[in-house]
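Thanks for coming, everyone. I'll keep this short. Please take a look at the structure on the screen.

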Amino acid sequence: MPPRTRGGYTSSAPRRRPTGSERRRRVQLREVEPATDRDPVEHPQHDRDETEEVFEGAPGGPIDRCILRSFDKHIAAKIWLGEAPLKLVNHGAKLQLWELGMERSRIYETVHRSGLASSTSCSHRVTSRPMLSAFCERWQPETTTFHMSFGEMTITLDDVASILHIPVTGSMISFSQPLHVDDANALLVELLGTTDVEASRETEQCRSPSVRLLWLRDHFSTITDASSDDDFMFATRAFLLHLVGCTLFADKSATSVAVVYLELFRDLSMVGTYAWGAACLAYLYRQLTTATRFEVRQLGGYLTLLQAWIYEHFPEMFSSSDMSYTESRPSALRWRPHVIPDSLQSVRERLDRLQISEVCWEPYVHHRAEHPFPDIAWYSGCIKCGQVVEPYHPERVLRQFGYIQTIPPRPFAPPRPDRSMLLDQYWERWTDHVLTDQSRGRRCQYSGSGESVAEYMPWYDRISHRIVQPPHLRSGFTTDAGSSLPSHTASTSDSTSDSRRNARALSLVRHVISGGREQSLDVLWGALNEVHGILNGSDETSVSHSTPSPAPASHSTPSPATRAFFSPPTFIYPPPASVDPPPASDDPPPLIVPPPPASVAPSAPAPDCTTSTTVYVRSKRKKKT
């Protein structure tokens with residue numbers, strides 16, 4: 001007789017233990033108060049029209065919930081309520097356990113033709129948990145962007161192509177329907193040459209249509225070029241499945257990979273026709289979206305892409321570069337991954353105080369000679385990886401493309417996965433769906449300056465959650481003199497403070513220096529005038545760059561930064577008249593050298609014979625024979 005479940009139903013399948021997430025959801029459901037009849041006066045929203053959606057502000061923002069509609073379930077909302085769980089980041093750095101040597105050159109040639117060869121060498125073995133967790137807390141699913149204190153940023157297709165050197169154009173990765181366990185067993189038998197018993201045992205152990213990475217290595221890592229053609233095909237498919245399971249499509253367990261990706265390697269000659277970069281980005285978007293829910297404790301996806309993106313755009317905060325790097329290699333190899341010693345709270349506060357001048361908006365300028373900018377990065381639409389469909393909005397991060405940021409249009413919701421055929425057709429005609437020149441707007445006057453229109457920041461303050469760490473939970477919190485913010489925290493009203501002006505000036509100088517000799521004198525002089533105006537406390541946007549003019553004289557007391565920037569250099573050696581007599585030593589007395597006679601230089605004016613030049617000569621010690 002089949003066993004009887006708690007609900008009274010019978011089932012022939014063995015009972016499965018609930019996961020940790022399911023148990024937490026049950027506890028949350030039990031803690032919800034039962035619905036009771038209450039006075040409608042206590043709930044004024046009952047008096048409104050039922051068809052009208054009402055969005056109220058949240059602690060710390062957003063004030064206008066028209067964009068971030070699911071913010072109540074976001075981890076940042078729980079942080080403001082005093083809950084701050086730390087996400088446990090898993091990584092898939094197991095590629096070193098299955099290396100392709102000279103005896104497996106045939107497999108490597110196939111992997112190289114697939115466009116995934118760079119993933120075998122550029123994966124980071126070390127990930128920084130506080131850094132990745134802090135950025136994950138700033139991810140907003142509705143916009144698929146990071147909401148920083150100064151605006152939105154995201155990982156673009158240009159970032160994927162530059163960091164990983166994998167193709168971002170080609171066919172979308174599509175699956176007709178989700179794969180069941182029986183179908184997964186049949187696929188393993190057909191494409192990997194396993195037996196029915198081995199396939200069933202492996203999927204039962206994973207309790208899903210997946211296989212363990214260790215199982216793939218144990219069964220196929222010993223196959224070499226001397227093996228038969230069938231074994232070569234099986235081993236190549238197994239290695240590619242192991243590769244994407246460790247990198248592009250790593251799940252939160254980091255121990256298994258879905259069998260459904262094996263269908264992509266059925267025809268090895270077609271592996272290089274897929275847009276692996278777009279699929280990897282869509283998968284990472286979904287993993288970041290899942291990790292923003294407060295009941296989730298882990299983060300999946302290709303964390304090398306996320307960590308290298310942080311290193312590229314925030315080099316002064318987190319990165320440590322590799323001096324042996326060359327631009328012909330993936331930019332993920334530019335950095336030496338390390339675990340930062342800061343805590344999660346410390347990283348949150350650093351990101352809350354982050355300024356525009358500390359961001360590298362265009363990090364791949366020197367990379368363009370080897371790898372030009374991909375035009376598909378301007379594509380505005382949906383990207384997908386099988387059943388995962390995510391929106392892609394380059395119009396929300398125009399500053400990362402060197403353009404002035406404007407108020408973007410409302411983000412669109414992704415279509416249902418069952419309309420995959422329409423998405424594939426939309427992607428194939430991506431040239432018809434790129435941002436037009438009118439949508440891109442104007443380029444920034446200085447490369448990488450991160451400019452935005454005047455109305456952007458007031459709009460962003462209303463719809464975003466800019467500050468993640470609550471003021472009363474920050475380090476150094478004080479309530480002296482009625483202040484509710486720590487003394488080192490800069491508010492939005494301090495935009496004209498000395499620190500922001502100095503940082504802005506240094507940013508302009510840095511970008512001008514990086515431009516090299518290709519810039520015109522007008523641009524250099526305009527930048528100098530703008531730096532002068534910033535350091536004197538004038539409005540940054542009101543500086544004129546049209547006519548070069550000398551620096552205006554200010555009757556007010558200049559700031560220390562202004563004096564340091566425009567004051568003449570201080571020489572190390574003072575003039576001879578102010579030189580003090582040398583201290584007593586064992587050296588011989590100085591020689592008094594008279595000025596040269598007038599016959600030495602007839603055309604020069606007569607020298608002043610009333611003074612003489614003093615030269616100190618240090619005697620050389622004789623070597624002992």
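Is Arg368 buried, partly exposed or exposed? Partly exposed: Arg368 has a relative accessible area of 27%. Before going further, note that this is a predicted model.

Stay with Arg368. Its salt-bridge partner is Asp158, and the closest N and O atoms are 2.8 Å apart. Look at where the two ends sit. Arg368 is in the loop between helix H12 (344–352) and strand E8 (381–385). Asp158 belongs to helix H5 (residues 157–164). That is a link between distant parts of the chain, 210 residues apart. Asp158 is buried, at 4% relative accessible area.

Next, the pair of Arg396 and Glu152. Their side chains form a salt bridge, with N to O at 2.8 Å. Arg396 lies in the loop between strand E9 (388–392) and helix H13 (420–428), and Glu152 lies in strand E4 (residues 152–153), so the bridge ties together parts 244 residues apart in sequence. How accessible are the ends? Arg396 is buried, at 1% relative accessibility. Glu152 is buried as well, at 1%. The cut-off for buried is under 20%.

Glu327 is partly exposed at 23%. Arg334 counts as buried at 14%. There is also a network: Glu190, Glu263 and Arg266 are joined by salt bridges that share partners. How many salt bridges does the count give? The count comes to 18.

Now to the strands. E8 and E9 pair in the antiparallel sense, over five bridges. Within that pairing, Cys385 has Val388 in E9 as its bridge partner. The hairpin has two residues between the strands, and Gly386 there takes a positive phi near 70°.

How many residues of E9 are buried? Five of the five, so E9 is largely enclosed by the rest of the structure. In a regular strand, side chains alternate between the two faces of the sheet. Here is how E9 divides. Val388, Glu390 and Tyr392 are on one side. Val389 and Pro391 are on the other. Both faces are covered, and these residues are all buried.

Tyr392 leads us to Ser380. Ser380 sits in the loop between H12 and E8. Ser380 counts as buried, at 15% relative accessibility. What does Ser380 contact, beyond its neighbours within four places in sequence? The list is Tyr392, Pro394, Glu395, Phe412, Tyr426, His433 and Leu435.

Last topic: helix packing. Two packed helices are described by the angle between their axes and the distance between the axes. Take helix H4 (residues 129–136) and helix H11 (residues 303–313). Their axes come within 11 Å and cross at roughly 85°. That makes H4 roughly perpendicular to H11. Which residues meet there? From H4, they are Met131, Leu132 and Phe135. From H11, they are Leu303, Leu306, Gln307, Trp309, Ile310 and Tyr311. By class, this contact has eight nonpolar residues, one polar and no charged.

To recap, then. The bridge of Arg396 and Glu152 ties together parts 244 residues apart. E9 is largely enclosed by the rest of the structure. H4 and H11 cross at roughly 85°. That's it from me.

Key. Residues are numbered from 1 along each chain as its sequence is written. This is a predicted model: local features need pLDDT of at least 70, side-chain atom pairs count only at pLDDT 80 or more; totals for chains, interfaces and linings use all residues. Side-chain values use heavy atoms; hydrogens and water are left out. A salt bridge is a side-chain nitrogen of Lys or Arg within 4 Å of a carboxyl oxygen of Asp or Glu. Helices (H or I, at least four residues) and strands (E, at least two) are DSSP runs, numbered from the N terminus. Buried means under 20% relative accessible area, exposed over 50%, partly exposed in between (1.4 Å probe, protein chains only). Contact means heavy atoms within 4.5 Å. Axes are lines fitted to C-alpha atoms, for helices over the stretch in contact, and angles run from 0 to 180 degrees between N-to-C directions. Angles under 35 degrees count as roughly parallel, over 145 as roughly antiparallel, 65 to 115 as roughly perpendicular and the rest as oblique. Ala, Val, Leu, Ile, Met, Phe, Trp, Tyr, Cys and Pro count as nonpolar, Asp, Glu, Lys and Arg as charged, and the others, Gly among them, as polar. Two strands pair if DSSP finds at least two bridges between them.
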